[in-house]
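Colleague: Could you show me how to read the helices in a model like this?

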Amino acid sequence: MLEWLAGSILLSLFNGSIYVVVSLGLTLTLAVVKLPNFAHAEFLTIGGYVGVIVSSAYPDNLLVIGAAAFLFCAAIALAVHRVAFKPLMDRKVSIYILVLASFAVAQFIRYGVFSWASVAGVLSATQNIKVYSLATLYNTELTNVYALAIVLAILISVLLELFLKLTTMGKSMRAIASNFDLARISGINVPRVVDVMWIIAGGLGGLGGMVFGIYTTVTPVLGFNTLLDIFAVVIIAGLTSFTGTIIGGYIVGFSQNTLMDFLHYYFDVSFGYQPLLPFALIIIILLLKPTGLAPSSQTGLSLIRRFARRSSSNPKEPEPPKE
Amino acid sequence: MLSGTAVGNICNVSAMLSRESIALAYPAISVSVWVIGLAFAMLAGGIMGLVVSYPALRVKEEWFLSMILLVGGETFRIVVTNTPQIGCGFNGLAGITTPFYWLSSYFPSGPLQAEVPTGLYAAVIVALALGCFVFAQKICNSPYGRLLKSIRDDKVAAESLAKDVSRVRKQIMVIGSVMAGLAGALYVYYIGVATPEDYIPALTFSIWVMMILGGFANNRGLLVGTFVITMLDRGSLVSGILLQSYLANLNPNLIVYGRYMVEAVILLLLLVFRQKGIFPETRIKTKAYTLFDFKKNNNAEPSNSPGEGPQTGGAASG
């Protein structure tokens, strides 16, 4: 029974890991510069295409390909910040204007990639990276791509956590996130920290796109198709919580694969409706808790405590505190 | 076609041809179906607006609203694409003729055969667009329009004056969605095919650019913005065809993609350098404003005028 389950769980873990890597960059953007960057998913596309180009020169050299994807997307992110977002942020425009600008940037990048891919004849391309099986569990092959994504997600999460907690740059980043004016008064070089933030955010997007591009065909809409999934992740995370992002990434990954398979095999739901599941998550989360799940919390534990507090202080059903 | 047989033969080619022959033979049916279609499109648009407004107006942060609306649009597109019962799925419904298609039987040959029904229909569209414009102007220059602007500028202040903010926002979303439904129905009858893949977010983006180019909350500016962006769209198509005769190696896709990129650049430049658009938002022309004509007498503040004071005072903000 359930011969699809093992493969489905593995795919969920893979997808969730990609979402974690990509969404951590978006969470960083949301935390430090308070910008819901709708162009963030385009870094995924660019990363995928960098993988296509570099892997043709250095086949199977994951280190070189990953570094190239990271650096190129970091450069693009920095350029986008300098050209589009910084002039707007310096004028203290409303968040509505920033959202519009990020849509414009996304559109520009997407159709720029479209133009280039159309001329180069790579509207649908694959990376020259060999996919082979590492082990077989319950008739499911654990390929190197799955392993790479999962290891990368863990590695990136740990490294980002260490970076934010231990280095001066990471601490300044957190200071800016919690209070912009206070951070500036304390002598933090805000423009430099924000530049570093964009480098990390763009680079993580590109890295995630490159790993995703090994698994799937790279097209110019690769990023756009995952845009709302990534936003579902950060909304589950409450926009600025890194632990929440890791949990949210796997929630969205499992809902898109394991839950979808379940619905398909037991309720005969077509796979075409798969993108609707993250949408449903977005709507449900925003309806139940319109500000997002945990806007100020930094750890998953405080998120749980918050829910416990909410449910125990519900005015409709007064419950005695469990002690 | 698998979807066609499963649904009951409204999607296949013979159904398309029979639709066209019916439209050619029965003028009354053709026009009345069009009218009913428009009515249902407006109704459906209004219902969609109402459904989407439920979550969209309950979110707290401003940009969640745009995301909810993006989610709503994409949900609708995915549902229509994957449910052949609604609109023949991915391939869409073809063979939708203009309501004046039967006129072509009066012109046996020549270019008029195709041009007269289309031209007449285009005139009808222009007339309806004008009607929508007048309606929007009426709304903007009415007490209701001033209420809308007050909610936009300061929601809390409007609420403190006992205005039902969420109800008004819902109403205006329904009104906007009804207009959008009307536009969609008119468009489908014009191009003759309804597929979900035509209504990608890039279309919404074009509409934003039109709106911001003309100027926020400014109907006349919107006309200019629409004109400019439509010219860009049509111009890119025409220039693409013209350029292809000179440059054999030109990739025709580049023109389409280039158009979207130009729109994005226009929007970015506008946001950075001229957020108010070509025509900044102006005063609302209330009765008192037109009566006393404050342009001649700059010292007189609208709020000093007797009788209509509070209304014009609120209108001057902007």
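**Reading helices**

Colleague: What caps the N-terminal end of α10(A)?

Modeller: A:Ser241 does, with a side-chain oxygen 2.9 Å from the backbone nitrogen of A:Gly244. The model is predicted: local features need pLDDT of at least 70, side-chain atom pairs pLDDT 80 or more, and totals for chains, interfaces and linings use all residues. Residues are numbered from 1 along each chain, chains are lettered from A and ligands numbered from 1 as written, and side-chain values use heavy atoms, without hydrogens or water.

Colleague: Where does α10(A) bend?

Modeller: At A:Ser255, by about 35 degrees (the angle between axes fitted to the seven residues ending there and the seven starting there). Helix α10(A), a DSSP run of H or I with at least four residues, covers residues 242-267. A:Asp268 follows, with a positive phi near 60 degrees.

Colleague: How is a helix pair described?

Modeller: By the angle and the distance between the two axes. In chain B, the axes of α6 (residues 112-140) and α9 (residues 165-191) come within 11 Å and cross at roughly 170 degrees (lines fitted to C-alpha atoms over the stretch in contact, angles 0 to 180 degrees between N-to-C directions). The pair is therefore roughly antiparallel (over 145 degrees).

Conventions. Helices (H or I, at least four residues) and strands (E, at least two) are DSSP runs, numbered from the N terminus. Angles under 35 degrees count as roughly parallel, over 145 as roughly antiparallel, 65 to 115 as roughly perpendicular and the rest as oblique. The expected span of a helix is 1.5 Å times one less than its number of residues. A polar contact is a pair of N or O atoms within 3.5 Å; within protein, one must be able to donate a hydrogen and the other to accept it, and residues adjacent in sequence count only if both atoms are side-chain atoms.
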